[in-house]
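This report describes a protein model with a ligand. The sequence and structure come first.

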Amino acid sequence: MGVGRRMKKQGPPPDLGAIAGKKRNAPEFDDSIRGKKRKASGEVKAQSLGRGSANGTANFKKYPKGNLANGNIIQLQKSRKVPTRPAPMMSGALLDESSDNDAADLLGGNKSDDDDELLNGSANSMLENGKHLQDEFLDSGSSVYDSDPQHERARFSEDEDESDAEEKLTAANIEGLSRRLDEEQEEEAAEAQLELEEAALQTNIDGDRPKVLDDDDDDEGAVSRLAPDLQLLRSRITDAVRVLDDFAKLAEEGRSRAEYTAQLLKDICLYYGYSLYLAEKLFNLFPPREAFAFFEANESARPVVLRANTLRTHRRELAQSLINRGVTLEPVGKWSKVGLQVFESQVPLGATPEYLAGHYILQAASSFLPVMALAPQEHERILDMAAAPGGKTTYIAALMRNTGCIFANDSNKSRAKGLIGNVHRLGVKNTIICSYDAKEFPRVIGGFDRVLLDAPCSGTGVIAKDPSVKTNKTEKDFMQLPHLQKQLLLCAIDSVDHTSKTGGYIVYSTCSVTVEENEQVVQYALAKRPNVKLVETGLTFGVDGFVSYMGKQFDPKMKMTKRYYPHAYNVDGFFVSKFKKVAPSPGAKAMDGAADRTGGDLVVENKRPIVSGDEKDDPFGDFNDSEDEKYIEKAKRNQLRRKGIDPRAVNGKKRPNGRAKPGETAELNDAKGSKTQSYASSGPVTKVATNGGK
Ligand SMILES: C[S@@+](CC[C@H](N)C(=O)[O-])C[C@H]1O[C@@H](n2cnc3c(N)ncnc32)[C@H](O)[C@@H]1O
């Protein structure tokens, strides 16, 4: 439905100003405009694409490298330096700006109106060829600043030299991009013209008061009496937005803002298919014009983005390989050194040899942001509390260059399998995958340098991917989800080692835009854990979080949190906040800063006092040591059997119950007689082998 959003750049510069400015001149998002625009670009396609490219004919030419100034597309467009040398390895992937089916094309070559298909990886050839895609799509800056900006910068820039990479990359498929820009320009000119015409038709004479509200209150109005006339609805929506923008001048005599707002909301529900409850919740986040832009943006899919896996390749190498396969792409923006935005592909992106070899993951651009805010450092210990399917975990691992240790947890076991798959495919070697309810942390293990909580949420930021959110989220969800998010965030905070030399940070993110799931959760954590404070995310774009909202006042530092909207940045809706832990958590002192690292092994000492008998005093619950021991003994026996050793021969001298005497250590010897692991028979020390803890 949307117009070429897949083709628009993601991230800054802020589109919103442009949208607002432009729209003020003319009623926006008009169906008639859209219809004409489609046609217009269809013509462009017929003429300039010729679809000759579809057969893989090489009709790209390369720019001489020197012609590119920093790989800046806009500059290229202005200078119009037409490519001269052919690039026979590249198939001619050109762009259809107007198509909403780009994603399906990209991923499978089939066109489908349903972006969900793309996003859920269902029923298209992309899925047939690459069902792995599903995982990354289930979910969803610039440089990142942290306590050690220099370090940070170095790490990011090691990936590649930015300007050089962008230059080469852009040079590689420049003709495709250049044509796209031509088409974009033509399309924009046509759009502007049509908007002007439309404005002339619709806006009437300057100062006219549009008729939005019905005269008779009992009359439900033409729109709702008949089957909804979408065009009529749409023009009434744009009229209502105009009136609310300039109420004094455009409102009818004796009518209130509330009446216009109520009518607008009703129309939005009918037009876009939202429940009134959710429409109102989302509408209240913005001024009316911006709310309209938000609802409109939810009707079109976001661009397809790849994240180059720097554990296996470099972005420019990956880009070159994909270009050679007929993929048209360009760097996602200066804010990321690993993102590639895909415009068109001749091959299913979930089944290329590069994909299968783990050179990239399909990952929404906004999904990069929480990881950039987390800014993991090499050799740290990181907890990813809700990690499946692993888009963020694997990015964290790449930034850590496979050093240190990541605990990637997800309570959903079947989703955790997807996480395992991605971790293997992408060559991640520093990650332990577990499946606990994240509320069990830090009892499971604590003392992390950084914790990412990419929380389960209502998904109001990803309605374009999952339109069912429009109707299936109820008041109950917006009570239960924030409750869970608050619990999880406190656990995240308690799992961090405030004495960490390099970290002590918590990032809380959601792919939802509601205040209940974001600022209110953060505010709750600030109130319950005075040992944390909000800090800058280090992300260089994003709208500031709300400091006050509908009569509620939040911590003034809430503006350090960042909000991302589809209409503003052409990314999924997202929220990112970052905390620094400055002192132990109240009542959880023993759990949070207790990591003691020795040598290559990580020894996590549980300093919880051992309470005999009465578990009720223990805020962390009810482990049953004797119950556990049965399982441990069984596991030991199985381990011996796997090695071809009869457990009875080894355990012959043990006490009948198979337990070592208190204070004694039960040692397992492998066939060669060397010690493999040791377990203290009692006491709270757990050993976890890691590959290179500090
Ligand atoms: C937004 S998704 C995480 C996406 C993931 N961070 C990524 O980038 O691929 C939220 C995840 O939270 C998991 N989840 C829900 N409740 C949980 C809980 N109580 N403990 C741990 N994980 C939970 C869900 O299974 C889901 O995979």
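## Basis and overall make-up

The model is predicted; local features need pLDDT of at least 70, side-chain atom pairs count only at pLDDT 80 or more, and totals for chains, interfaces and linings use all residues. Residue numbers start from 1 along each chain as its sequence is written.

The protein has 28 helices and 22 strands (DSSP runs numbered from the N terminus: helices are H or I of at least four residues, strands E of at least two). Of its 694 residues, 47% are buried, that is, with 20 or more other C-beta atoms, placed from the backbone, within 10 Å of their own.

## Helix α20

Just after α20, Arg-401 has a positive phi of about 50°.

## An open antiparallel sheet

An open sheet of 4 strands runs in the order β4-β5-β3-β6, with antiparallel pairing (strands pair if DSSP finds at least two bridges between them). The edges are β4 (327-331) and β6 (360-362); each has a single partner strand, so one side of each lacks a neighbour in the sheet.

Strand β4 pairs with β5 (residues 339-345) over 5 bridges. Pro-331 has Leu-340 in β5 as its bridge partner.

## Ligand shell

The ligand is surrounded by 19 residues, counted when the C-beta atom, placed from the backbone, lies within 6 Å of the molecule. The closest are Ala-386, Ser-411, Asn-412, Ala-438 and Asp-454.

Definitions and conventions. A residue is buried if 20 or more other C-beta atoms lie within 10 Å of its own, exposed if 12 or fewer, and partly exposed in between; C-beta atoms are placed from the backbone.
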